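Subject: Model handed over, with notes

Dear colleague,

Please find below the structure I promised to pass on, followed by my notes on what was found in it. I would be glad if you could read the notes with the model open beside them.

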Amino acid sequence: MGIWKPDAGETLLARVPVTFATGAAMRVRGRRWFRDEERNDIQGELDGWPAGPVHNARSTGVGAVLAALRISGLAIGALIVAALPSGSGVRSSSAPRSVADRADELEDFPVLWAAPGTIARTLPWQLDPARSDQRRYRTHLIVTDRRVVIVGLPFNERRCHELPVEDELLWGLTRSEIQSVYRQDFKDGDDFKVVFTDGSWCRLSSQWREYPMRYLADRPDVVPWDSLTPALRKAAEAFAAGHSHDAMPPLVTRNACGCYRIDVLTPGTAVSFYGIHSQKTIVDAEGREVNWDDYHLEDLSAEDLRLWKSLFRPTPPSVKASPS
């Protein structure tokens, strides 16, 4: 079918690779489970799913040994860093990890929580890295203003930027059937939970999760095209004109500080490795592009802030406070 594209009048918002998440705590590291509401394993009950590995949580003793080894390793690393001369360029991060739900983070790690007949049971098995060969096949999450879609596509690590995208539609759902979406930050900031209106849920993971989270969790203030001022419409059209002919119409969102973000996504630029990364700019109410040094905190998206965190910078420099 080539590259998946939205219907006429439907707005493409994000496209990123996605899989079921994987446990990080010692007892559940590298594992995942599929549960019903009584915490029974249901992977054998899921229609059309091929057989997969059967895991058991590690014993407390094994977990304690692994934890001790990890702590020892961290201690040795700290001593090495401390011995380095100042200005060596080696930095450490002490960001704390939080545990939202001990039962689902440390003692068990369900990535599917679904009673019989619920939405989560309809998710495709290709999302499971233990059942789908990640060296040859990837799954992407696509978000529009109307629905969420999961597609599968061939993958080749060496040719991921040149291999044509051939999508296979695996699953789809209207946005109205999603109750809530929120980040799960215990591991490394890649996981998120999708709760459906029937109470079932799934835990997914994406290295680029902030792109769908912007629209599924944060829900920015999207300005309809016919509500834009002439100056903002001109700025949006000018920004979109600098992109490919098959680019989607520009999406304009209003930030709390009074600035506007303009995003342009081009389906034809989809890559199996990372999906689609939008091109964006920030303009003021008069449509003038805002220089980086003049950004307000609200002008920085979650992916921008995460980038700063990854560079061990606690706050971006020269970011101005929002006008009161």
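Strand 1 and strand 5 pair in the antiparallel sense over five bridges, where helices (H or I, at least four residues) and strands (E, at least two) are DSSP runs numbered from the N terminus, and two strands pair if DSSP finds at least two bridges between them. Please bear in mind that this is a predicted model, in which local features need pLDDT of at least 70 and side-chain atom pairs count only at pLDDT 80 or more, while totals for chains, interfaces and linings use all residues. Residues are numbered from 1 along each chain as its sequence is written, and side-chain values use heavy atoms, with hydrogens and water left out.

To stay with strand 5, histidine 140 in this strand is the bridge partner of proline 17. Strand 5 also pairs in the antiparallel sense with strand 6 (residues 147-154), over seven bridges, and there the bridge partner of threonine 139 is glycine 152. A hairpin of two residues joins strand 5 to strand 6.

Strand 5 is largely enclosed by the rest of the structure, because eight of its eight residues are buried (buried means under 20% relative accessible area, exposed over 50%, and partly exposed in between, with a 1.4 Å probe and protein chains only). Tyr137, Thr139, Leu141 and Val143 point one way from the strand, whereas Arg138, His140, Ile142 and Thr144 point the other way, and all are buried.

Arginine 138, found in strand 5 (residues 137-144), is buried with a relative accessible area of 18%. A polar atom of its side chain lies 2.9 Å from the backbone oxygen of glutamine 134. Leaving aside neighbours within four places in sequence, arginine 138 is in contact (heavy atoms within 4.5 Å) with Val151, Gly152, Leu153, Phe155 and Ser272.

Beyond its neighbours within four places in sequence, alanine 14 is in contact with Leu141, Ile142, Val143, Tyr211, Pro212 and Leu265. Alanine 14 and glycine 275 are 261 residues apart in sequence, yet 8.4 Å apart in space, C-alpha to C-alpha.

Most residues other than glycine have a negative phi. Arginine 39, however, has a positive phi of about 65 degrees although it is not a glycine; it sits in the loop between strand 3 (33-35) and helix 1 (60-83) and is partly exposed, with a relative accessible area of 31%. Arginine 219 likewise has a positive phi, of about 50 degrees, and is found in the loop between helix 3 (210-218) and strand 11 (221-222), where it counts as exposed at 51% relative accessibility.

Lastly, the second largest pocket has a volume of about 300 Å³. Of the 17 residues that line this pocket, the closest to its centre are Thr19, Gln134, Ser205, Ser206 and Gln207. A pocket is here an open set of points on a 1 Å grid over the protein atoms alone, where a 1.4 Å probe fits, with protein on both sides within 12 Å along at least five of seven lines, and lining residues have an atom within 4 Å of a point; grid points are joined across faces, edges and corners, and the volume is the space filled by probe spheres set on the points.

With kind regards

Notes
A polar contact is a pair of N or O atoms within 3.5 Å; within protein, one must be able to donate a hydrogen and the other to accept it, and residues adjacent in sequence count only if both atoms are side-chain atoms.
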